[in-house]
Amino acid sequence: MSRTGEEDDPFPADDGLFADTFSLEDRYNVCGEELKIRQLFGAKLGVAAPVWEAGLQLCRYLGAQAAQLGGKRIIELGAGTGVVGILAARLGAAVTLTDLPLALPQIQANISANVPSTGWPSPPTVLPLSWGEDHLNFPSNWDLVLCADIVYLPETYPLLMETLAHLAKNGAVVYLSSKMRKEHGTPGFYEERLPRRFNVELLHRDDQQNINIYGASLRTDQQKQAWDQDQLLY
């Protein structure tokens, strides 16, 4: 993947990082697809505004599996700019991109800016989703659940877990790409919290960027009981 423009990847401490509103458009090339992504920086969007490196890493991972994405039913959580879900849609998947309501206009604008010359194989859908609140309004018949750099606020982890368990209960594979920030408890989420309910596998590690990509599938009741018993032995 290549891009134009400078990228700054410090993780914001709060949603007020950007005092003034301004936009920046970058172009990203992955798997033969050129994406035009506009980032609307401002106090309201906060962390949803930028394209984070963990999202680009997940794009590269999906690009390497492009042949397997055609016709897949995919939902993305915390889509932000929409770069990951838009790439998946350009590669032939039927994608639903979700985030909090304030982020949806940015996602929709980026979808409109990236319509393939031959049209979408399956037009992406954009919907609001608040973890742990309205996730039951969504079906559970997905093939993939995509999550790029959404594991950073410990108070949201129980809500995220509840949402992931619902979305993946019929066999979906969850891909999670995260910068492993100790100060936000990200390693603990993957080492302790997520394995309580999911079988978790490290798929890719970027030491330079300190980014991991995981694959996760919901444990059966029997697998969960066996895992709980194993934990009691330690």
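Predicted model: local features only at pLDDT ≥ 70, side-chain atom pairs only at ≥ 80, totals over all residues.
In which hand, right or left, does H4 pass H5?

Let me begin with the protein as a whole, whose secondary structure comes to six helices and ten strands. Of the 234 residues in the protein, 51% are buried, and the accessible surface comes to about 11200 Å², with 49% of that surface belonging to carbon and sulfur atoms. If we take the contacts with a separation of 6 or more, residues 24 or more positions apart account for 66% of them.

Now to the pair of helices. The axes of H4, which covers residues 157-167, and H5, which covers residues 186-193, come within 12 Å and cross at roughly 45°. Because the angles called oblique include this value, H4 is described as oblique to H5. As for the opening question, the crossing in which H4 passes H5 is right-handed. On the H4 side the contact is made by Tyr157, Pro158, Leu160 and Met161, while H5 contributes Thr186, Phe189 and Arg193. Sorted by class, that contact consists of five nonpolar residues, one polar residue and one charged residue.

The buried residues are Tyr157, Leu160, Met161, Thr163, Leu164, Ala165, His166 and Leu167. What covers them includes H5 together with several strands, namely S4 (73-77), S7 (144-148), S8 (173-179), S9 (198-206) and S10 (211-218).

Finally, I would like to turn to two loop residues whose backbone deserves a careful look. Asp149, found in the loop between S7 and H4, has a phi near 55°, which is a positive value in a residue other than glycine. Asn210, in the loop between S9 and S10, likewise has a positive phi, of about 55°, although it is not a glycine. Are these two residues buried or partly exposed? Asp149 counts as buried because its relative accessibility is 5%, whereas Asn210, with a relative accessible area of 26%, is partly exposed.

Notes: Residues numbered from 1 in each chain as written. Heavy atoms only, no water. Axes fitted to C-alpha atoms, helices over the stretch in contact; angles between N-to-C directions. Helix = DSSP H or I, 4+ residues; strand = E, 2+ residues; numbered from the N terminus. Parallel < 35°, antiparallel > 145°, perpendicular 65-115°, else oblique. Left-handed = near helix turned anticlockwise from the far one by under 90°. Contact = heavy atoms within 4.5 Å. Nonpolar A, V, L, I, M, F, W, Y, C, P; charged D, E, K, R; others polar. Buried < 20%, exposed > 50% of the residue type's maximum accessible area, 1.4 Å probe, protein only. Areas by Shrake-Rupley, 256 points an atom, 1.4 Å probe, with all protein chains shown as cover.
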